[in-house]
Amino acid sequence: MRTTGIALFGTLSVLAWGTTAPAAVTDRLPEIHGFVQAHAAARLGSVECAPRTTCSWPYNEQRLQLKTEGDGLEDALGYAAKLDLLHDAALGNLELDVRKLHADYNAERFTVRVGRQVVTWGVADLLFINDTFPKDWVSFFGGLPLEYLKLGSNAVRLDLFPEFSDLELVLADFRKDRLPDRDRFVLPGPDIPTALDEPSGLEASLRASRHFGSWDAALYFSHTHYRAPALSQEGGRAGGQWRGQYPRMNAYGASLSGSLGSGVLSLETGYYDSIEDRDGTRPAIENSQTRFLVGYSRQVAEDTTLGLQAYAEWMHHYDAYRRALPEGFPRRDELRTVATLRFTQFHIHQTLRLGLFAFWGLSEHDGYIIPSVRYTFSDALWGEVGANLFVGDRAGQFGALGDDDNLYATVRYAF
């Protein structure tokens with residue numbers, strides 16, 4: 001784990017505050033909570049796996065989480081820490097995952113947070129436009145609890161509260177998305193050794209938000225990077241070493257959500273300015289694009305909710321992209337469209353939850369279906385079983401994972 005200035009400063013701030021605050025300014029000693037969790041996923045169907053791939057049981061992990069938080073000086077200062085000790089039996093790894101580790105200062109007109117933190121923006125449900133912060137798709141496709149989709153960033157976050165709106169500024173170190181790899185997934189195409197060059201320097205993101213009656217509106221700007229690498233061969237010649245870089249981009253966007261009828265309407269849009277390929281002639285780098293989303297959710301019966309979303313990505317400079325694409329490479333659609341459905345229903349005094357989330361790639365003719373059943377045995381213990389099912393055209397984003405269907409189970413005991 002790379003130690004940066006932001007991470008080091010945040011860590012020292014938390015440690016200094018945590019060791020001095022209980023005796024000096026807090027009203028109580030910090031409490032430690034957490035949970036123990038076991039999670040496993042079994043691959044469905046008969047699949048031929050590469051030698052390095054964990055085939056039958058791509059997930060088999062045991063996790064201990066410890067967390068604490070505190071405040072003092074009449075809530076002006078605070079700290080929080082959340083650490084996971086993870087035993088990955090599938091890959092034979094033991095690691096410490098710093099989920100959260102930050103110190104806070106709270107004033108009347110602003111707050112400051114420094115250290116490892118999770119930042120979430122936008123109004124969409126599992127579709128991301130203005131949320132350009134890092135994500136863990138390996139955990140998501142393996143059925144881990146949804147909280148593990150978002151990765152923490154080493155960042156300084158400043159919240160300002162002027163009269164005209166709320167402002168949030170985030171300065172963060174780059175952190176890449178965790179993408180499916182051949183350790184757990186059966187992926188199409190050859191296994192190409194690639195050297196990845198991670199960028200240095202800070203990313204800057206700004207959000208301005210305001211309430212208008214029952215509606216929430218926000219504007220967004222991010223000077224950031226694409227989280228997935230752009231791959232190319234050195235010198236542009238066959239046989240050269242493959243390298244991956246994370247190109248710069250600017251993201252501009254807006255969102256609006258509020259009550260409409262008996263439900264909630266969500267609208268979001270964003271423009272991705274591909275700084276390093278504004279004319280669309282470098283096929284390894286994403287073209288600039290505009291993204292749109294409209295969603296609506298409502299309660300359709302007692303303890304039953306239904307949510308629908310329609311999403312689109314429009315690639316700019318499509319003709320230039322087609323001309324520059326090397327022969328034999330799969331060609332993407334100019335307009336990629338996706339629909340989603342979320343169904344949630346509770347039974348037995350809300351201790352039994354039935355869930356279904358489904359993506360359908362309208363333009364790519366593929367889909368991703370996530371059924372789940374969770375039972376809460378007590379305030380401290382719950383268990384869940386579910387599946388990750390990838391269907392449709394193997395050339396689509398979801399269909400490409402068609403050999404990675406899995407059935408998962410999770411048990412968590414909190415203390």
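**Close-up 1. Cys 49 and Cys 55 are joined by a disulfide.** In this predicted model, their sulfur atoms sit 2.0 Å apart; a disulfide here is a pair of cysteine sulfur atoms within 2.5 Å. By that rule the count comes to 1 disulfide. The torsion about the S-S bond is about 65°, so this disulfide is right-handed. Cys 55 is partly exposed, at 24% relative accessible area (buried means under 20%, exposed over 50%, partly exposed in between, with a 1.4 Å probe and protein chains only).

**Close-up 2. Gln 299 lies in strand β15, residues 289–301.** Strands (E, at least two residues) are DSSP runs, numbered from the N terminus. Gln 299 is partly exposed, with a relative accessible area of 48%. Its side chain reaches the backbone oxygen of Ala 301 at 3.1 Å. Leaving aside neighbours within four places in sequence, Gln 299 is in contact (heavy atoms within 4.5 Å) with Thr 304 and Thr 305. What about Phe 110, 189 residues apart from Gln 299 along the chain: how many Å separate their C-alpha atoms? The separation is 37 Å.

**Notes.** Residues are numbered from 1 along each chain as its sequence is written, and side-chain values use heavy atoms, with hydrogens and water left out. Because the model is predicted, local features need pLDDT of at least 70 and side-chain atom pairs count only at pLDDT 80 or more, while totals for chains, interfaces and linings use all residues.

Terms used. Helix = DSSP H or I, 4+ residues; strand = E, 2+ residues; numbered from the N terminus. Polar contact = N/O pair within 3.5 Å; in protein donor to acceptor, adjacent residues only side chain to side chain.
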